[in-house]
Amino acid sequence: MTAKPKVWIARPLFPEVLARLAQHFDIEAEALDRPHDATELKQKLAGVDGAIVGLSDRVDASVLEGNTRLKVVANLGVGHNNLDLDALTRAGVLASNTPDVLNESVADFAWALMLAAARRIGAAERWLRAGHWPGSNMRFDDWMGLDLHGRTLGILGMGRIGQGVARRASGFDMRVLYHNRSRLPELVERECRATLVDKPELLRQADFLVLVLPFTAANRHAIGAPELAQMKPSAVLVNIARGGIVDDASLAAALREGRLAAAGLDVFEGEPQVHPDLLALDNVVLSPHIASASAQTRRAMANLAADNVIAALGQGEVAGKPPTPLNPAVLHHRTAGKA
Ligand code: DGY
């Protein structure tokens with residue numbers, strides 16, 4: 001009997017997904033969520049045919065060097081700035097991500113942060129839990145926040161998640177402006193009730209600015225001190241995209257000095273570290289990169305990562321047809337000895 005291909009799973013996954021994988025593979029599944037440094041990643045990947053990795057696992061040329069066995073790396077996330085796609089392609093390793101299955105949950109979460117930041121829910125809850133609520137003596141003008149309804153929502157990055165954020169705005173009777181590399185088809189603009197504007201216009205007009213950009217070198221600090229200076233002091237900034245798109249130190253200064261009203265952040269530069277100036281502020285709602293973390297969506301992401309590995313390693317009915325490849329050219333040009 002030929003040995004099953006070996007697959008390493010870098011983060012704890014749902015038992016039913018592990019059971020699916022175990023039908024096809026000899027699996028090694030990590031029991032703890034923790035980052036793996038380059039040395040450990042290199043060593044783990046050297047001994048397997050496939051891997052499912054998390055966003056903190058950086059797979060680059062140094063990690064792949066000398067690896068002649070690995071055929072697929074499936075990322076547990078749609079963002080894939082932790083994967084060096086050129087290096088993976090050169091090494092003949094297929095990479096995949098988990099697009100689409102998380103769009104609606106992440107769009108929901110953008111609204112959770114907008115509402116929480118505008119209506120000061122985090123700070124109010126901390127105040128209540130600390131026993132400060134004086135009951136009926138609470139001042140009539142305490143805890144006043146900002147309305148969302150009737151305001152202008154700006155979306156920077158209008159892919160499928162951005163469009164989901166926009167569609168939800170009609171329930172709040174908001175005007176929607178967006179800025180994107182390319183204009184959306186007219187039909188989609190109509191469905192989203194969204195109007196394309198240039199970036200300075202978006203910054204100037206938005207009462208709520210939601211960032212849904214992929215993280216690339218060009219997008220680093222897409223929102224920094226100069227951009228924050230163009231925004232309304234009454235505006236709310238929401239980042240559900242990636243840390244590093246916002247200059248967190250400049251953002252903290254703007255929030256502290258009243259140049260921006262509030263922010264809702266799910267992602268941070270250098271996470272899991274959070275800039276200490278942000279931690280010290282009450283007008284920012286912070287969450288630990290959980291925008292896609294609904295029970296249904298995290299299961300769908302895990303299953304999609306598993307589908308990619310199963311297909312890429314030639315197993316099951318989908319053999320040879322990974323559903324969401326990032327570098328599909330690898331499928332056609334498997335290097336000699338790795339096909
Ligand atoms: C992604 O999929 O890129 C998200 O950030 C993970 O939650």
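User: Thanks! How far is the ligand's oxygen atom from an N or O atom in the side chain of Arg-298?
Analyst: That distance is 3.4 Å, and a polar contact here is a pair of N or O atoms within 3.5 Å. Keep in mind that this is a predicted model, where local features need pLDDT of at least 70, side-chain atom pairs count only at pLDDT 80 or more, and totals for chains, interfaces and linings use all residues. Residues are numbered from 1 along each chain as its sequence is written, and side-chain values use heavy atoms, with hydrogens and water left out.

User: Which residues are around the ligand?
Analyst: They are Leu-55, Gly-77, Val-78, Gly-79, Leu-102, Arg-242, His-289, Ser-292 and Arg-298.

User: Let's switch to the sheets. What is the strand order in the open sheet of 7 strands?
Analyst: The order is β8-β7-β6-β9-β10-β11-β12, with parallel pairing. Strands are DSSP runs of E with at least two residues, helices are runs of H or I with at least four, and both are numbered from the N terminus. Two strands pair if DSSP finds at least two bridges between them.

User: Which strands are at its edges?
Analyst: β8 (194-196) and β12 (284-286), each pairing on one side only.

User: What packs on that sheet?
Analyst: Helix α5 (residues 103-118) does, touching β6, β9, β10, β11 and β12. Contact means heavy atoms within 4.5 Å. The direction of α5 makes about 150° with that of β11; axes are lines fitted to C-alpha atoms, for helices over the stretch in contact, and angles run from 0 to 180 degrees between N-to-C directions. Helix α7 (residues 160-168) packs on the sheet too, touching β6, β7 and β9.

User: What about the sheet of 5 strands, what is its order?
Analyst: That open sheet runs β2-β1-β3-β4-β5, again with parallel pairing.

User: Why is one side of β2 and of β5 left without a neighbour?
Analyst: Both stand at the edges with a single partner strand each, so one side of each has no neighbour in the sheet. Further in, β1 (residues 6-9) and β3 (residues 50-53) are joined by 3 bridges, and Trp-8 stands opposite Ala-51 in β3. Helix α13 (residues 295-312) lies across β1, β3, β4 and β5.

User: Last topic: which residues does a cis peptide bond join?
Analyst: Glu-271 and Pro-272, with omega about 15°. Pro-272 lies in the loop between β11 and α12. Another backbone detail is Asp-100, which has a positive phi of about 70° although it is not a glycine. Most residues other than glycine have a negative phi, and most peptide bonds are trans.

How values were computed:
Near = heavy atom within 4 Å. Polar contact = N/O pair within 3.5 Å; in protein donor to acceptor, adjacent residues only side chain to side chain.
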